[in-house]
Amino acid sequence: MKFKGTAHKVGEHIDTDAIIPARFLVTTDVKILGQNCMEGLEPGWIKRIKPGDIIVAERNFGCGSSREHAPLAILGAGIGLVIAHSFARIFYRNAFNMGLMLLEVGDGIDKLNDGDCLEADAASGVITNLATGAAIQCPPLPSFMQELLQKGGLVPYVKERLSR
């Protein structure tokens, strides 16, 4: 799985209420959630996003509640990848279950800047900053996690397996 897009860098401890504020949790429609992505961090943030863009975050991205709406809002915004120093554990699990790819890079996050064009390869774990030429190595995603993402998350993955 490969991604290429513009980085949109956010800070540390971005919680799920910043990703999708509670007032927008009246639906599970991914498109509507996506229209309000990061509204708790910066009103109108979504206006800067193009499909295929990448969120780049500091430490503890996705902390707070266990709401599954947060990764759905990111997907609904057209973002299929979040790269961060680290993720809150429940967000990490929810993201993959919903079909959102995450790559954890530790201190390598300092090599990625807002507006940089990035290329990421989940199979090799290599993230290349095309603006600076810097390369970051993170743990490659295991093949079963890539398959889960390719199917669109846990529910579609299980449905397909049960239909065999």
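Visitor: Which residues form a nonpolar patch on the surface, and what is their accessible area together?
Guide: In this predicted model, the patch brings together Leu 154, Val 158 and Leu 162 on the surface. One of them, Val 158, is found in helix α6, which covers residues 154–162. Taken together, the three residues Leu 154, Val 158 and Leu 162 have an accessible area of about 270 Å².

Visitor: Is Val 158 buried or partly exposed, and what is its relative accessible area?
Guide: Buried means under 20% relative accessible area and exposed means over 50%, with partly exposed in between. Val 158 falls in the middle class because its relative accessible area is 34%.

Visitor: Which residues cover the two faces of strand β2?
Guide: Strand β2 spans residues 54–57, and both of its faces are covered.

Visitor: Which residue stands opposite Ile 55, and in what sense do β1 and β2 run?
Guide: Strand β1, made of residues 2–10, is joined to β2 by four bridges, and the two strands run parallel. The residue that stands opposite Ile 55 in β2 is His 8.

Visitor: What is the bridge partner of Ala 57 in β3?
Guide: Strand β3, residues 81–84, pairs with β2 in the parallel sense over four bridges. Together with helix α3 (residues 69–76), β2 and β3 make a right-handed β-α-β unit. Within β3, the partner of Ala 57 is Ala 84.

Visitor: Why is α3 largely enclosed by the rest of the structure, and which elements do its buried residues pack against?
Guide: Six of the eight residues of α3 are buried, so the helix is largely enclosed by the rest of the structure. The buried residues are His 69, Ala 70, Pro 71, Leu 72, Ala 73 and Ile 74. They pack against α1 (16–19), α2 (30–35), β2, β3 and α4 (89–98).

Visitor: Where does Cys 63 lie, and which residues does it touch beyond four places away in sequence?
Guide: Cys 63 lies in the loop between β2 and α3, and it counts as buried because its relative accessibility is 15%. Its C-alpha atom is separated by 8.0 Å from that of Arg 89, although the two residues are 26 residues apart along the chain. Leaving out residues up to four places away in sequence, the residues that Cys 63 touches are His 13, Ile 14, Asp 15, Thr 16 and Ala 88.

Visitor: What phi does His 13 take, and is His 13 buried or partly exposed?
Guide: Most residues other than glycine have a negative phi. His 13, in the loop between β1 and α1, has a positive phi of about 55° although it is not a glycine. At 46% relative accessibility, His 13 counts as partly exposed.

Visitor: What phi does Met 38 have, and what is its relative accessibility?
Guide: Met 38, whose place is in the loop between α2 and β2, is not a glycine, yet it has a positive phi of about 65°. Met 38 counts as buried, because its relative accessibility is 0%.

Visitor: Which residues is Gly 106 in contact with, leaving aside neighbours within four places in sequence?
Guide: Gly 106 lies in the loop between β4 (101–104) and β5 (117–121). The C-alpha atoms of Gly 106 and Ala 122, which are 16 residues apart along the chain, are separated by 16 Å. With neighbours within four places in sequence set aside, the contacts of Gly 106 are Ala 84 and His 85.

Methods: Residues numbered from 1 in each chain as written. Predicted model: local features only at pLDDT ≥ 70, side-chain atom pairs only at ≥ 80, totals over all residues. Heavy atoms only, no water. Patch = residues over 30% accessible without salt bridge, like charges linked within 9 Å, V, L, I, M, F, W, Y side chains within 5 Å. Areas by Shrake-Rupley, 256 points an atom, 1.4 Å probe, with all protein chains shown as cover. Salt bridge = Lys/Arg side-chain N within 4 Å of Asp/Glu carboxyl O. Buried < 20%, exposed > 50% of the residue type's maximum accessible area, 1.4 Å probe, protein only. Pairing = 2+ DSSP bridges. Right-handed = clockwise from strand over helix to strand, strands pointing away. Contact = heavy atoms within 4.5 Å.
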